[in-house]
Amino acid sequence: MSLAIQQLLLASPPGEEAIRQFLAAHRFPLVEGTSTTFVYKGGGDKVRLRHFIYGLPSSRPMKRVDGTDLWYVIEELPPGSRIEYKLEIVHGKDRQWILDPLNPFTARDPFGANSVCQAAGYETPEWALEDAEARPGRLESVEVPTRAFGGKREVVLYLPARMRPSRQLPLLVAHDGLDYVRYASLKTVLDNLVHRLEIPQLLVALTQSPDRLREYAGDRIHARFLTEDLVPWLEKRFPLQGNPAGRCLMGASFGGVASLATAWYHPGFYGRLLLQSGSFAFTDIGESERGPAFKPVVGFVNGFRAAPGKPVEKIFLSCGVYESLIYENRSLVPLLQTTGMEVRFVEARDGHNWENWRDRLREGLSWLFPGPLWMVYE
Amino acid sequence: MDANSNRRITLLGPQRLAPTLASAVRGSGVAGEVAVVTAGWQEREEELDELREHLGGAVVNLRLYARAEEVFRKDRALARALRQRQERLQRMQELYRLRLSHAMEAARQLLTRRGDPELLTPEREAAVAAIRELDRAHLERVRAVHRDFDASLKPLGRPTLARQRDEIASLLAGCAAFAVAGGHVALLLNRLRLFGIAELVGDKPVFAWSGGAMVLGERLVLFHDDPPQGPGNAEVLESGLGLFTGMLPLPHGRRRLKLDDPLRVGLFARRFGDLACVAMDDGAILRWEGGRWTPTGGDGSRQLLPDGTVSELAA
């Protein structure tokens, strides 16, 4: 069976009305089985699809339909894939990256937004969407004194609905926590998973570093801030379990490095880790090619790989197969398993982005902190 | 004749979003206070404002959760023995779950396999029978643990517990009806059993919803078709209080069961074939009177059938 774009091209060149009807009749990118057609209509000397799939050339030229201003490229995307992309429009020496005007789906991150292509079989998980039945937790800002950094640090807390002083809760510290809330729907996900009893009520400390590339890169001062300042401060003021099984660190990218490093520097203090697309750059020989920001990361990861120990009891890792860090993450898993820690590793057909991290939260959190859903029927 | 045939029991769907308890109580002609058990809510047991408002204030909280905590503080030997019993039961449940997972997988494979019906049909029946036998044997072992516990500890004869039970009996005697809310079903059942509540209720009208409905029946079955971890095999936990027979209430069916999955629905209904398996959602009302069940509520009750379909139980 031919694709819709191929049908359109049977008329050579297709008329303006046929193109208008083609664009009106479909949603773009047009997913037909495993074939996905990206389309752009407009002027330009060249148009390129700029996607973020590691392993494929990140720039894919789009083909102009002769005699028209319609451009297209067909990609084969495995089922369940989710990719983020932009279109690059070239006019002479000018290059402009734009969101796909034909695609209403976008994903935001601290740097802006990307268009999102959902291949066949991908669906936004319904537990990541707002549920009117779920009782909402609340966000509350606190200032935490810190000897490690000096002064105070602002931390936003997620306090679950129906929190009671008589019940001791686990504590989850989320690096880039406000970004998780903004771009990965973390508050909605927590509200829903607690409501569905898939995780217990948790208190979540949403930290946001003013200098994450330094502080999250295996920095011991940052680890001290969490372990000697933040966690004890919270455990004095809130009904928290206050034991390793009730303390979890989570983070994505550099936040994953910060989580693992903090636990490794303070073995036995934390019991759980949730590491998403961790930037676990290492070298077995020679220098890392990932640039200066990774230098301290490489130092930490090399040290960890040489003597991993058993910093926690359970680690959940996830990584997208379309991101370059898949190699580092896959390399880490067998090493972690040799230490006697309980390790679960999940891969997804997605990239280095917040919605990938959002989509793995249910599996990760419910594995690290199983909720009472089998026992509670309210 | 069923020993429970004289009881009047009303089972309701979840009450949080569509409360029907007050109308059910009024419809049963109950005049007077309602004794309520909210032990399944654990540390929120005392938070009865919404319930009081809904019932117009006529509520007496039996406080089984708090009373049990009080008993455990004073009778350390009983508390220790109970903890040991629960740990034993948990280990038994893990072992049962291990066997169950294989038995369920075998049944699912056979039920989806294509081939000669003459060969497949008896194998399928045997696979379902094997699960039933596994459930039955597990239940019997759990009962034996409880029998041994009661025989050696004689909880109802222990002074601290007996004093609390006398107070409960006195409170119950002054009430016109008895109601059990949902929540943590294992804890709820343990508290009801610990204080011997079934024997105190007498012929008062009984109202129960969600987990409360589950613990009053013959068997306590835990279920969730789509948990975030594991295959979602329903598990027999233990015997219920046995205040009614013939029905397995499944609260929050819409959220917890894949009612559009004929394989899961059919296997569930066949596995628990001696009971009517009824998914109870908002608005569901089922009445047990004269030894038989009558749906009297809206459209919240659906029975799971062995052929994999569900049938609305209309009033």
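User: Which residue stands opposite B:L12 in β6(B)?
Analyst: B:W209 stands opposite B:L12. This is a predicted model, so please read every answer here that way.

User: How do the strands β1 and β6 of chain B pair, and over how many bridges?
Analyst: Strand β1 (residues 9-12) and strand β6 (residues 206-209) of chain B pair in the parallel sense, over four bridges.

User: What is the strand order in the open sheet of seven strands?
Analyst: In chain B the order is β3-β2-β4-β6-β1-β11-β12, and the pairing is mixed. The edge strands are β3 (59-61) and β12 (292-295) of chain B, each of which pairs on one side only. From one strand to the next, the twist averages 20°.

User: And the open sheet of four strands in chain B, what order does that have?
Analyst: That order is β9-β10-β13-β14 in chain B, again with mixed pairing. β9 (247-251) and β14 (310-312) of chain B each have a single partner strand, so one side of each is left without a neighbour in the sheet. Here the twist averages 30° from one strand to the next.

User: How many bridges are there between β9(B) and β10?
Analyst: Five bridges, and β9(B) pairs with strand β10 (residues 276-280) of chain B in the parallel sense. One facing pair is B:P249 and B:V278, the latter in β10(B).

User: Which helix packs on that sheet?
Analyst: Helix α11 (residues 262-271) of chain B does, touching β10, β13 (301-304) and β14 of chain B. The direction of that helix makes about 80° with that of β13(B).

User: Staying with helices, at what angle do α3 and α7 of chain B cross?
Analyst: The axes of α3 (residues 64-74) and α7 (residues 185-194) of chain B cross at roughly 70° and come within 10 Å. Because of that angle, α3(B) counts as roughly perpendicular to α7(B).

User: Is that crossing left-handed or right-handed?
Analyst: The crossing of α3(B) and α7(B) is left-handed.

User: Which residues meet there?
Analyst: From α3(B) there are B:L64, B:Y65 and B:A68, and from α7(B) there are B:R191, B:L192 and B:L194. The residues of this contact of α3(B) with α7(B) divide into five nonpolar, no polar and one charged.

User: Switching to chain A. Where is A:I53?
Analyst: A:I53 is in the loop between β3 (46-51) and β4 (59-61) of chain A.

User: Why does A:I53 count as buried?
Analyst: Because A:I53 has 21 C-beta neighbours inside 10 Å, and 20 or more is the cut-off for buried.

User: What does A:I53 touch, leaving out residues up to four places away in sequence?
Analyst: A:I53 touches A:I83, A:Y322 and A:G351. As for A:G320, it is 267 residues from A:I53 in sequence, while the two are 9.5 Å apart in space, C-alpha to C-alpha.

User: How many residues of strand β16 of chain A are buried?
Analyst: Five of its five residues are buried, so by that definition strand β16 (residues 272-276) of chain A is mostly covered.

User: Which of them point which way?
Analyst: A:R272, A:L274 and A:Q276 point one way from β16(A), and A:L273 and A:L275 point the other way. In general, side chains in a regular strand alternate between the two faces of the sheet.

User: What pairs with β16(A) in the parallel sense?
Analyst: Strand β15 (residues 247-252) of chain A does, over five bridges. Within that pairing, A:G251 has A:L275 as its bridge partner in β16(A).

User: How about α4 of chain A, how many of its residues are buried?
Analyst: Nine of its 10 residues are buried, and helix α4 (residues 186-195) of chain A is mostly covered. Among the buried ones are A:L186, A:V189 and A:L193. Just after α4(A), A:L197 takes a positive phi of about 65°.

User: Last topic: how many residues does each chain give to the contact?
Analyst: The contact takes 17 residues from chain A and 20 residues from chain B. On the side of chain A that touches chain B, α11(A) gives the most, with four residues. By class, that side has eight nonpolar, two polar and seven charged residues.

User: Which strand of chain B is joined to β19(A)?
Analyst: Strand β5 (residues 183-184) of chain B, through two bridges, and the two strands run antiparallel. In β5(B), B:G183 is the bridge partner of A:Y377.

Conventions
Residues are numbered from 1 along each chain as its sequence is written. Chains are lettered from A and ligands numbered from 1 in the order in which they are written. A residue is buried if 20 or more other C-beta atoms lie within 10 Å of its own, exposed if 12 or fewer, and partly exposed in between; C-beta atoms are placed from the backbone. Two residues are in contact if their C-beta atoms, placed from the backbone, lie within 7 Å. Axes are lines fitted to C-alpha atoms, for helices over the stretch in contact, and angles run from 0 to 180 degrees between N-to-C directions. Angles under 35 degrees count as roughly parallel, over 145 as roughly antiparallel, 65 to 115 as roughly perpendicular and the rest as oblique. A crossing is left-handed if the near helix is turned anticlockwise from the far one by less than a right angle, and right-handed if clockwise. Ala, Val, Leu, Ile, Met, Phe, Trp, Tyr, Cys and Pro count as nonpolar, Asp, Glu, Lys and Arg as charged, and the others, Gly among them, as polar. Two strands pair if DSSP finds at least two bridges between them.
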